[in-house]
Structures are given as C-alpha cells and as structure tokens.
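Hi there,

Here is the structure I promised to hand over. My notes on the ligand site, the pocket and the cavities follow below it.

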Amino acid sequence: MSDPTPLHATAARPAFGAVFAPHMAVADYRDGQWGAAEIRPLGPIEIHPAAHVLHYASTCFEGFKAYRWADTSLNVFRMDRNIARMQQSARLLMLPVPDSDQFAGMILDLVDRCGDDIPEAPGSLYLRPVLFGTTPTIGAASVPPAEARLIVLAGPVWDYFEGGLRPLRIFVDNQHLRTAPHLGEAKAGANYASALGPTVAGIRSHGCDQVLFSLDSGIQETGASNFLLIRNGQILTRSLDSTFLPGVTRDSVLTMARGLGFEVIERVFDVDEMLAWIQGGEAALCGTAVVMAGVGTLVYKGREYPVGDGEVGTETRRLRAALMDVQHGVLPDRYGWMTRVEPGVAHAAK
Ligand code: PLP
C-alpha cells in the first residue's frame with residue numbers, strides 16, 4: 001500500500017488541533033517501570049471504564065512544535081523544557097514520571113516519521129504528549145495510579161494569525177481562580193476543566209477572545225497563555241510561582257528581550273498597575289499556539305480600556321518575529337533551543 005498523501009497537502013487549513021498525523025508514539029507504565037515505546041498508526045485506544053483518569057482526572061499534557069527548515073531539516077523547539085515540565089506535572093499529580101531519554105526518543109522518532117506532515121513555514125508540527133492513569137480501580141481516589149500510559153500525538157498547524165495579527169479583546173476576571181493555587185504550575189487537564197466555565201462566561205458575556213485571571217495577589221495568566229506588559233524598553237510579567245504555568249514561550253521571549261536590551265521585570269502586579277501601564281504601552285499574550293499576540297482592549301468591571309492605540313504593538317510584533325525567526329531557522333539558534341532530528345535513526349520506538 002502506498003503512503004497516504006501528506007495532510008498538509010490536502011487539508012484546507014483546519015482549526016488548530018483539529019487534524020492529526022497518521023502516527024502516534026505510545027509507552028505504558030506497569031509493575032514499577034516503563035515498557036518499550038512504539039510508534040503505532042493513529043487510532044482509538046481501549047481504556048477500562050474504571051481507569052483512574054476517567055474518575056479522578058489523573059492526567060497532564062504538553063504542547064510544543066517541530067519545524068521544517070529551508071534546508072529540509074526537521075527541528076524541535078525547546079523539547080527539553082517541555083519534557084521537564086511534563087515530569088513536574090506528573091510529580092505534582094502523583095503519576096509515574098516519564099523517563100527523560102525514552103520520552104525524548106518517542107518525540108524524535110515521531111517527528112521523523114511525521115516529517116511529510118509538517119507544513120512549510122510559517123506552519124509547523126504541533127506535538128501533544130498526554131499522560132494518564134490507567135489503573136482499573138474506582139476505590140482509589142486517594143491512591144496514585146500504579147499504571148499509566150504516555151501517548152505523543154502530532155498534527156500540522158499553521159500560523160495562528162493567518163492574514164495578519166489582530167488586536168485581541170481580553171476580559172479581566174477577578175472573581176474566579178483559574179486553578180487550585182498549588183496546581184497552577186502543572187499542565188493538568190483538571191486545570192483546564194476548572195477554567196472552562198469562567199472562560200466561556202467571560203468570552204460570551206463580554207464578546208472577548210480570552211480571559212485574563214487576576215487573583216487577590218495580582219494579575220496571573222489567561223486560559224492558554226502567559227501575559228506580558230511592555231513599555232519604554234521594559235517588560236513586566238508576573239514572577240513564577242505555583243499558581244500559574246511557567247510558559248516556555250514566556251521564558252524564550254524574556255531571554256530574547258534581554259538580549260535585545262529590554263529590562264525584564266518579574267514580580268507581582270495588580271489590575272491598577274496594569275491599567276496604568278497600558279496607557280502608552282503594550283500588552284501581549286505568549287504561548288506555543290499564538291507565539292505572541294497583541295492585546296487591543298481590556299474589559300474590566302464593565303469598562304473598556306484601550307491598550308496603547310488599540311492596535312498590536314510594535315515591540316510585540318518585533319519580539320514575535322524574532323522568536324519565529326529562530327524557530328524557523330532564519331536567525332541563528334544562539335541559545336541552543338533547537339533539536340535537529342536525525343532522519344532514519346530510531347531513538348526509542350521501533
Ligand atoms: N498558560 C497556560 C494556562 C497555557 O495553557 C499555556 C500554553 O501551553 C501557556 C501558559 C503558555 O505555555 P507555553 O509557552 O509553554 O506554551
């Protein structure tokens with residue numbers, strides 16, 4: 001049988017995350033150890049209806065991208081960071097922790113196998129590992145799962161803002177926590193379940209694109225990205241703590257910004273300070289999917305506050321372009337963020 005036509009050659013730019021490459025990498029944890037990983041055709045999996053994850057939400061995931069460069073090589077962005085964050089999430093959720101080398105091998109083997117499904121720049125291959133507890137027992141709410149499965153999915157994605165960046169409308173929610181404060185730094189499925197109600201309510205009732213959560217202790221993050229303020233050569237963002245996700249894009253943008261001469265300030269700040277900062281400043285979301293997105297309007301307590309002139313800021317565009325140029329191999333990789341995939345070399349999965 002001949003290989004299927006690459007997805008990017010046939011798909012008409014579907015929504016982010018709606019199409020998948022035809023393979024997945026799978027490894028199971030049982031009897032105190034990880035078994036051999038394998039690449040399988042993408043397809044449904046069987047799961048026992050008593051599986052721990054279905055009842056007690058023992059699951060976490062990751063999201064990052066691989067790129068095809070002009071020289072045809074395939075390169076993964078900061079996969080060591082995403083592996084480390086998945087391990088941290090697993091620890092916080094008391095799930096078996098993926099083995100670093102095996103996990104990296106599963107990712108590299110899958111990207112190699114899915115190479116034909118990576119669209120040209122500015123497209124990329126989105127990688128979505130998911131880890132979940134499979135122990136079939138429903139009397140175990142207070143017992144960590146002894147069995148688990150790790151699956152790495154992949155799918156072609158295109159530039160989130162095809163046709164140009166547009167300024168976003170963001171609702172500032174100071175009524176709800178996005179997650180339980182001790183679990184915000186885990187990329188736990190339960191955190192997204194916890195945020196869904198307030199996020200949908202904020203988006204629907206205020207015609208917004210996203211919700212920015214603001215705790216008593218200050219501005220936090222949106223439902224799927226970190227938040228930055230930019231003004232007069234300075235960048236202000238919340239300092240890392242257990243309440244929110246330590247974004248790999250956040251770290252990358254801050255690192256590049258320092259290299260470009262920005263002063264980066266990481267500390268807690270509140271809504272009043274944010275509203276002062278956006279007069280003549282910029283606000284941006286940053287995360288794997290959007291890279292960087294400019295905020296045009298903040299909606300807070302029924303009032304609308306324009307950010308700067310209401311358009312996507314110049315510095316937001318500049319930082320976004322600089323990061324994308326590294327990811328796509330246009331600028332040199334001076335921070336050692338890209339992992340090149342060696343074609344045809346089996347790393348973990350046969
Ligand atoms: N915060 C949340 C809640 C997210 O879901 C994401 C996206 O993954 C981020 C922040 C940004 O993280 P990263 O830059 O690693 O994608």
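**The ligand and its shell**

A backbone N or O atom of Val248 lies 2.8 Å from an oxygen atom of the ligand, which falls under the polar contact definition (a pair of N or O atoms within 3.5 Å; within protein, one must be able to donate a hydrogen and the other to accept it, and residues adjacent in sequence count only if both atoms are side-chain atoms). Taken alone, the ligand exposes 380 Å², and the protein buries 96% of that; accessible areas come from the Shrake-Rupley method with a 1.4 Å probe, and for residues only the protein chains shown count as cover.

Before you go further, please note that this is a predicted model, in which local features need pLDDT of at least 70 and side-chain atom pairs count only at pLDDT 80 or more, while totals for chains, interfaces and linings use all residues. Residues are numbered from 1 along each chain as its sequence is written, and side-chain values use heavy atoms, with hydrogens and water left out.

For Tyr192, a side-chain N or O atom is 2.5 Å from an oxygen atom of the ligand, and for Lys187 the corresponding distance is 2.7 Å.

**The largest pocket**

Where does the ligand sit? The space taken by the ligand is the largest pocket, and a molecule sits in a pocket if more than half of its atoms lie within 2 Å of its grid points. Helices (H or I, at least four residues) and strands (E, at least two) are DSSP runs, numbered from the N terminus.

Grid points are joined across faces, edges and corners, and a volume is the space filled by probe spheres set on the points.

The largest pocket holds about 770 Å³ of space. Its lining counts 36 residues, with Tyr192, Gly223, Ala224, Ser225 and Ala289 nearest the centre. The largest share of that lining, four residues, comes from α5. The lining divides into 16 nonpolar, 12 polar and eight charged residues.

**Two cavities**

The whole structure has two cavities of 30 Å³ or more. The largest cavity has a volume of about 90 Å³, and its lining includes Lys65, Val248, Thr249, Thr288 and Val291. β5 gives the largest share of this lining, three residues.

The second largest cavity comes to about 80 Å³. Of its 13 lining residues, Lys65, Pro122, Ser124, Val291 and Met324 are closest to the centre. Its lining has eight nonpolar, three polar and two charged residues.

**Two backbone details**

Pro122 sits in the loop between α4 (100–113) and β7, and the peptide bond from Ala121 to Pro122 is cis, with omega near 5 degrees. Ala57, in the loop between α2 (52–56) and β4 (59–61), has a positive phi of about 55 degrees although it is not a glycine.

Best wishes

Notes: 1 Å grid on protein atoms, 1.4 Å probe; cavity = no way out; pocket = protein on both sides within 12 Å on 5 of 7 lines; lining within 4 Å. Nonpolar A, V, L, I, M, F, W, Y, C, P; charged D, E, K, R; others polar.
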